[in-house]
Amino acid sequence: MIVDAQGRRFRNLRISLTAACNYACTYCVPDGKRLQAAQQELDSREMLYAVELLIDATGIEKVRITGGEPLLSPKFDVLLPSVMRLPLSDVSLTTNGQLLTRKAATILNAGVRRINVSLDTLDPEAFPRIARTGDLATVLLGIEQMLAAGVRVKVNMVPMRTKNADQVLPMLDYCFERGIELRFIELMNMGHLRSGNQYVQDFYGMDEILDTIGSRYEFARTDAPYDSTAVRFEVPGQGVFGIIANESEPFCSSCTRLRLSSNGRLYGCLSNARAHDIRDVLGLPRQQALPRVRHLLGLALADKQSLNFRGEVTVMKFIGG
Ligand code: SAM
């Protein structure tokens, strides 16, 4: 087991299946260019082998398939069922939901039990102003289809002062009505947000989110698992919501996340652009590959920041948000 001085180890792996995305959200994609993959992305066989090695080398227990937009990639149909067969306690995926109805059979046949759908607004006109494209009704249909099939759905929303702060309560009501846990993600100071004033202008933190919710509901803080990234709250009789409060209440000291980018780089920390290339190792047989992977994991674990989330120049869609 590879453990750092603070007792942290890697338990959760996020795989960016592809950096290509059918959206170009204003807070994620700087130049508005959609569908751009990274150069030299791993194929599904290489990705599966990487995950197997990471399980053996460091005891990864949970895998989340993300991107870019994972449902967009032809690798998705092959990789998902293969990852589902690995000895893991949990496999989930994060999607913008635009292709959920089209990929429903793949997801359900693979036996996926829970998914996260990113949705920043229920206002059909505001929707393309944030995602720069996309159709709200299609996403909502996909969510209904997953719920009807018994899949547990969480919705991720990034509240931003000038774009969708008015949607905090409508989104919460939509989720309560469907038994969905809504996760508010505080805007992270990543990529192009590090220059210019968009980040400062749009940051809408936990205090403001709670003030807004408090104007309609009474809530109380409730338990969250040790290495959960979210602070959780319960509204009696309605449901539960969470806030991923990277700025207001950083969770760095209990972070167990490791990221594998679509081009084969391991990232140990969202606040650190340093990455460790695993691609070369993927050509080796398991017994030769494992010591090399353990070495890379030691380096990646040392990249974790001790306390505060600072953000980085790296872009979420490349490293797996
Ligand atoms: N395409 C998929 C989706 O939309 O869920 C998966 C990839 S996307 C990068 C994963 C998550 O990262 C989304 O929920 C998105 O809102 C979030 N994200 C991207 N950039 C962010 C930022 N600067 N701050 C906060 N969340 C961000």
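Student: Why is the way in which H2 passes H3 called a right-handed crossing?

Tutor: A crossing is right-handed if the near helix is turned clockwise from the far one by less than a right angle, and left-handed if anticlockwise; H2 passes H3 in the right-handed sense. This is a predicted model, in which local features need pLDDT of at least 70, side-chain atom pairs count only at pLDDT 80 or more, and totals for chains, interfaces and linings use all residues. Residues are numbered from 1 along each chain as its sequence is written, and side-chain values use heavy atoms, without hydrogens and water.

Student: What makes H2 and H3 roughly parallel?

Tutor: Helix H2 (residues 75-84) and helix H3 (residues 100-110) pack at about 15°, with axes 9 Å apart. Angles under 35 degrees count as roughly parallel, and therefore H2 and H3 are roughly parallel to each other.

Student: Which residues of H2 and H3 meet?

Tutor: Contact means heavy atoms within 4.5 Å. Phe76, Asp77, Leu80, Pro81 and Met84 in H2 meet Lys103, Thr106, Ile107 and Ala110 in H3. Six of the residues in this contact are nonpolar, one is polar and two are charged.

Student: Why is strand S5 described as mostly covered?

Tutor: Buried means under 20% relative accessible area (1.4 Å probe, protein chains only). In S5 (residues 152-157), five of the six residues are buried, so the strand is mostly covered.

Student: How do you know that S4 and S5 pair?

Tutor: Two strands pair if DSSP finds at least two bridges between them. S4 (residues 114-118) and S5 have five bridges, in the parallel sense, and Ile115 stands opposite Val153 in S5. Four bridges join S5 to S6 (residues 181-185), also parallel, with Asn156 opposite Arg183 in S6.

Terms used:
Axes fitted to C-alpha atoms, helices over the stretch in contact; angles between N-to-C directions. Helix = DSSP H or I, 4+ residues; strand = E, 2+ residues; numbered from the N terminus. Parallel < 35°, antiparallel > 145°, perpendicular 65-115°, else oblique. Nonpolar A, V, L, I, M, F, W, Y, C, P; charged D, E, K, R; others polar. Buried < 20%, exposed > 50% of the residue type's maximum accessible area, 1.4 Å probe, protein only.
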